Amino acid sequence: MRDSQSQDRCLVDPTGRYLAMHLWEGVLTMMRLGERKNKMVLTWMDQVRLSELFIKASTFLYTETGHPKIAFLYQSRADSGDAKLATYRMTTDDRNTEASKFNPDRDREIDTDVPDPSASMLIPVRKVEEGVKRHNVRNVESAKAHIGGLVVVGETRLLYIDEVTKATVESALKEASIFVAWAEYNEVNYFLADDYGNLHLLTLVTESSDSVVVTGMDVNLIGKTSRASHLVYLGNDLLFVASHYGDSQLFRLDLQNEDPKALLQLVQALPNIGPILDFAVMDMGNRGDEGQLGNEYSSGQARIVTCSGVHKDGSLRSVRSGVGLEDIGILADLEHCRGLFSLKTYGTPKADILAVSFLTETRVFKFDSQGEVEELESFSGFALNQQTLLAMDLQGGRLLQVTPAAATLLDSESGLTIASWGPGAERSIINASANSKSLLLSVDGTELVSLSIISDDLRVVRERDISQQDQVACIHVPTQPDNVGVVGFWSSGTVSIIDLHTLEPTHGESLRSSQDDASIPRDLALVQILPPHVSGPTLFVAMQDGNVITFNIAKDLALTNRKRVILGMRQARFHLLPQPDGIHSIFATTEHPSLIYGSEGRIVYSAVTAEEATYICPFDTLAFPDCIVLATDKQLKICHIDRERRTHVRPLPMNETVRRIAYSPKEKVFGLGCIRRELVAGEEVVQSSFKLVDEVIFDRVGRSFPLGSPSYTELVECVVRAELRDSYGNPAERFIVGTSFLPDPDYAPGTNVRGRMLFFGIDADRNPYLILSHELKGACRCLAVIEDSGHGGGPAIVVGLTKTVVVCRYEETSSTTGEVTRLATYRPSSFTAEICVRGNMIAVADLMKSVSLVEYVPGGGDGGAAPRLVERARHFGTVWATAVGFVQDDEEGGWLEADADGNLVVLRRNAEGVTAEDRRRMEITSEINLGEMVNRIREVEVETTPGALIVPRAFLGTVEGGIYMFGTVAPHVQDLLLRFQGKLAGVLKTAGDIEFRTYRAFRNAEREADGPFRFLDGELLERFLDVDEATQETICKGLGPTVEDMRNMVEELRRMH
C-alpha cells in the first residue's frame, strides 16, 4: 500500500466513540474507542478500500440518529482539477458494530460536484433545535437548507449542504483566498485562517435571528495572526492559533467591538523557532571565526542564529541555552571594580547599601524604596580611603569591614568603632573570609589568623605562621559547618580543611593530577548546593588553569568523590548566591561565566549570558527584589538572574522568509538571503533581496539589495561568505549569493539563463554593493569555497548547479567589476541538493542517489594539465539527501548525511578495499532515524581534553525547529555505551510503549532496519539519571563499571548541552 499523499490524518467523530485514519492511499482504517474495566481502550473495527483515492479533506458529520457519518472531499484523478464531495454512513447495522464497505454505488448518501475546483476544506455544522418539528421533504428541489450539515470552503466560493434534505446554498467570496485552518465559535460562526496570516469570521446567514434556515454565507476579516496550522477555540472568548510557520498565539476575542482593530487582543505569544531553514553557529569560544577552535567548556555557551519561520512570520532567532541575566539598569560607569558587598542600614529589613571596592578606595551607594540611588560621603564609620576585602552585616546591628590594614567591628547605628585588629606595621591582610561566628585572615600569605566575632570584640583565637611549610593561596569560611575553614596552599597545590580554633588541618587533599602539574588553587567555596537529604556539603576548588575540582564532604569532614570540570582557560572566581532552605548557588566568573546549582539531585554547570562579569553580589532590596549587582571592567549593572538554565531566544522579526544566512567575522555582520511574498490587488508578488544584520546590536544595517525585476521572479538559493582577493591582490570579505529564476518561460529573462551568481562587497557605511553578476545556465543551488593550489593559489568557488558541479575562479578587475573563469566540472547522478568541502575533497549530496566524493585536482599551471574533478567514491544507495557535513577526522574521513525520511547516516570511504571497485564504495558506519527532516548541517571544531567521551562535530537544524548536536564517541567507551544503551532500552518505558529499536531504526522506501546501527541516542542515555537507584543497579549489572561510574559518565554527557 502506498503512503497517503495528503499526510497521515486521524478523525474523531463528535461523540468521541469512533476513529478513522488515513494512513495509506485509498484505505480507511476504523477503530472504536470504548470503556472496559474503567479503562479507555481502542478496539479494531475494519480496514476498507476507498474508491476516492485522492482525498483533499475529510470529516465526521453531526447526526441525529447516532450513526457515524463521514464526508470526503476528493478529486477524481491526481492530475485533474476538479473537486467532488461524497458522504457515507460508517456502519451498516443499528448497533454500529459492523463497518460499511464504502461502496460508491450503494453506500453513498451525498454525491455531488463542488463548483470551486480548488476547494480543500470541510467544516461540519452541528444541528440547532427548532421550535417546530422538522420533517423530511420528498421534493428536494423545494426543500430549504437548515442549520446542520457541512460547509465546503474553496478559494473563490463557499458551498453549504444540508445533511438531511441535501439542499445547497452557494456564496461567492468577496476576495479570493487560500484557507488553511478553521475553528467553530458557535453553530453559525466559524473562524477561518488563510495562508497569508489573515483571520476571518464565517457566518451562516439565516432568514431571521431565530430562524434555522440558511440563506447565505458571509466572510469578514477580523484581524492578523501568525500563519495558522490549526485553530482551537478554548471558550470564554479565547482563541489559540497554533502555527508551524511562526509563533503560536493566544487571542482574546471581542467580536462586538465597533473598533475593527480591537476585535482581536493578543494575550500571549509562544515562541517557535521552526522551521529552521538555515543557521549559523556563534560563540563556540571563537565568535564564529573559522580559523580558531572552540573550547570544550564553551559548548553550553554556543549561540546559534537561525533563519526561522516562513513568509510574514520569518525572522532571525538568536538561540542560547543557559542562565539568563536580565539587565534592570546601569548603576554607574565605574572601572576596575575589585569587590561588591551588599549591606543594610540600621533598622532596615532588606539591603539598601552597596559598597564597591577599588584598588585604593571604597565607594558606598544607598538605595531608597523607589530605586533612587545616591552616593554617600561616609557610612557607619567605614574606611573609604582603602580597598575593602570583606564587608558584611552581623547580628546585633554590627558591621564588619576588612581592609589590607585592619579588621574592624562597627556599630551600624552610631558609626563608632567597637573593636579593631591589625597585622602590624609593614604587614597587610591579603584575604579574608567570615561567617556569623568567626573571621579567618591571611596575612602576607604566610600567616593564618582566626578571630572570634561573636561578642563585641575581635578576640584572637589562634595565629599560625606557615612560611616554613607553604604559602596561602586562598581561604574560605563556610556558613555550615561554622567551626571549620578551608585553605588552599600555593607551593604544594593542596587544599586542607582546618579547625578554626586550632588552625590545624583535619583533612587534606592534593589537587595536582601529576608531577608536572603546577596548577594552584585560587578560590574556594564550601556550600550546601544540593538539598541536605540528597547530599552533604560540597567543596569547590577553582584552579589557576580554569579547572574546578569538587569534593563531597563526609560527616567526619573527609574529602571524597573527587571530580574535575573545565570552566575556562583562566581561574574562576566564586560568588555565593543564597537560596531558600540554606542552599546556595555559585556564580563563577571567568571568560565564560557559569552558574553552578543543584537540580534533580545533581550539580549542574550552566553557561550565563553575561559575557564580561568580573564580580557580583546578591542584592535583595525593596526596589529590586531577588536581584544581583554585576560588575564588568567598565560599569556596574543591576540584573535579575534565572535560578536555573533555560533556552533564551532573541527574535529579530524580518516579516519575510530568511532562506539563507552567512556570517562574516571580520565585518561582524550576517548576510541574509530573503524572500518576501505579498498579496497585491489579489495577485501574489514574490521579491528576493540580500540584506545585512549587525551581530552585536542584532538589527538591520545598511540598505537592502533587491533581486529580480517586475518582468521575472528571482529566488535566493544560497549565500556564503568568502575571503577573496580584491583588484589589488589583498584579501577582502565578500558575500556570494546564488539564485534561480522561476522555470516559467513567460517570466525568465532569457532562454538559456536559469540563475545567477552575485558577488557583494560591504562599503564604509555597511551597505552591500554589487561587484559582479554572473549569469548561469542552471539554477545555483549551493556554493562553497575551496583552496586552489594551482594557478597562483588562493580560493576557488564550488558551484552546485541543477545538474552540474562546477569549480571556478573569481578575479576582481576593479572595485566594481570582476570575472569568473570555469576550471572543472562534474555531473552528479540527478540533482545537486547540497555540497560540503573538506580540503580538496567535495561531498556532493544528490537529491536521489545519496553522496558522491569528488576530489578537486588542481592544474599544473601554465602549459600543465587542466584542473579536474575526479569521483573517488560514492554511496551506492537510494537516499533522498537534504544535507551533508564532514564529521570525522581519520584516514577515510566521515560524512554525515541527512535524508527526507528523517534518517541520519554516517558514511566513510573504504580505503582498505581489496579491489578498485571496493575502494570506490562508501560504506555505512552508523545510522539512525531522527524522526525529523534536517535542513542544514553546520560543522563545529571543538578543542577537547584527551579523555573526553564525546567530541562535538556538528549542529543540525530541522524542519520541526529542533537543534541537535552530533558528536563522535571516543573509541575506548564505544562498546560500553552501546551495551549501556541496549540495557537502558530494555528497562525504560517509552511513550506509547514503542520499542526503542523500532522507533530509531533506519527506514525509507527502499529498506527498513531492525534498529539503530552504532548510534547513541543522548536523550535516552540521560534518562538513566531519572530512574531510582535500584533500577540503575539493574541496568549496570554486567556492564563492568559501577553505578557511580556510569552516573558520572552520563552527567559528563549531560553537561555538553
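**Entry 1. A four-stranded sheet**

I began with an open sheet of four strands, whose order is β21-β23-β24-β53 and whose pairing is antiparallel. At its edges I found β21 (276-282) and β53 (646-653), each of which pairs on one side only. On average, neighbouring strands of this sheet are turned by 20 degrees against each other, direction ignored. I note that the model I am reading is a predicted one.

Strand β23 (residues 303-308) is joined to β21 by six bridges, and the two run antiparallel. Within this pair I located F279, which stands opposite T306 in β23. As background, I recorded that strands of a sheet pair through backbone hydrogen bonds, either parallel or antiparallel.

**Entry 2. The whole protein**

I next looked up the overall figures. The secondary structure of the protein comes to six helices and 77 strands. Its C-alpha trace spans about 115 × 90 × 65 Å along the principal axes. Of the 1057 residues, 53% count as buried. I also checked the contacts between residues at least 6 apart in sequence: 49% of them join residues at least 24 apart.

**Entry 3. Strand β6**

Is strand β6 (residues 69-75) enclosed or open, I asked, and how many of its residues are buried? I counted seven of seven as buried, so β6 is largely enclosed by the rest of the structure. I then separated its two sides. K69, A71, L73 and Q75 lie on one side, while I70, F72 and Y74 lie on the other, and all are buried, so that both faces are covered. The general rule I kept beside this is that side chains in a regular strand alternate between the two faces of the sheet.

I traced the neighbours of β6 as well. Strand β5 (residues 54-61) pairs with β6 in the antiparallel sense over seven bridges. Strand β7 (residues 84-89) is joined to β6 by six bridges, and these two also run antiparallel.

**Entry 4. Helices α2 and α6**

I turned to helix α2 (residues 971-987) and helix α6 (residues 1043-1054), whose axes come within 13 Å and cross at roughly 100 degrees. The two helices are therefore roughly perpendicular to each other. In the contact I listed L976, L977 and F980 from α2, with M1046, M1049 and V1050 from α6. These residues divide into six nonpolar, no polar and no charged.

I examined α6 by itself. The helix has twelve residues and reaches 16 Å from its first C-alpha to its last, close to the 16 Å expected at 1.5 Å a residue. Its buried residues are V1043, M1046, R1047, M1049, V1050, E1051 and L1053.

**Entry 5. Residue Q395**

Lastly I looked up a loop residue. Q395 lies between β30 (390-394) and β31 (398-402), in the loop. Is Q395 buried or exposed? At 67% relative accessibility, Q395 counts as exposed. I also took its distance to M757, which is 362 residues away along the chain: the C-alpha atoms of Q395 and M757 are separated by 74 Å.

Terms used:
Residues are numbered from 1 along each chain as its sequence is written. This is a predicted model: local features need pLDDT of at least 70, side-chain atom pairs count only at pLDDT 80 or more; totals for chains, interfaces and linings use all residues. Side-chain values use heavy atoms; hydrogens and water are left out. Two strands pair if DSSP finds at least two bridges between them. Axes are lines fitted to C-alpha atoms, for helices over the stretch in contact, and angles run from 0 to 180 degrees between N-to-C directions. Buried means under 20% relative accessible area, exposed over 50%, partly exposed in between (1.4 Å probe, protein chains only). Angles under 35 degrees count as roughly parallel, over 145 as roughly antiparallel, 65 to 115 as roughly perpendicular and the rest as oblique. Contact means heavy atoms within 4.5 Å. Ala, Val, Leu, Ile, Met, Phe, Trp, Tyr, Cys and Pro count as nonpolar, Asp, Glu, Lys and Arg as charged, and the others, Gly among them, as polar. The expected span of a helix is 1.5 Å times one less than its number of residues.
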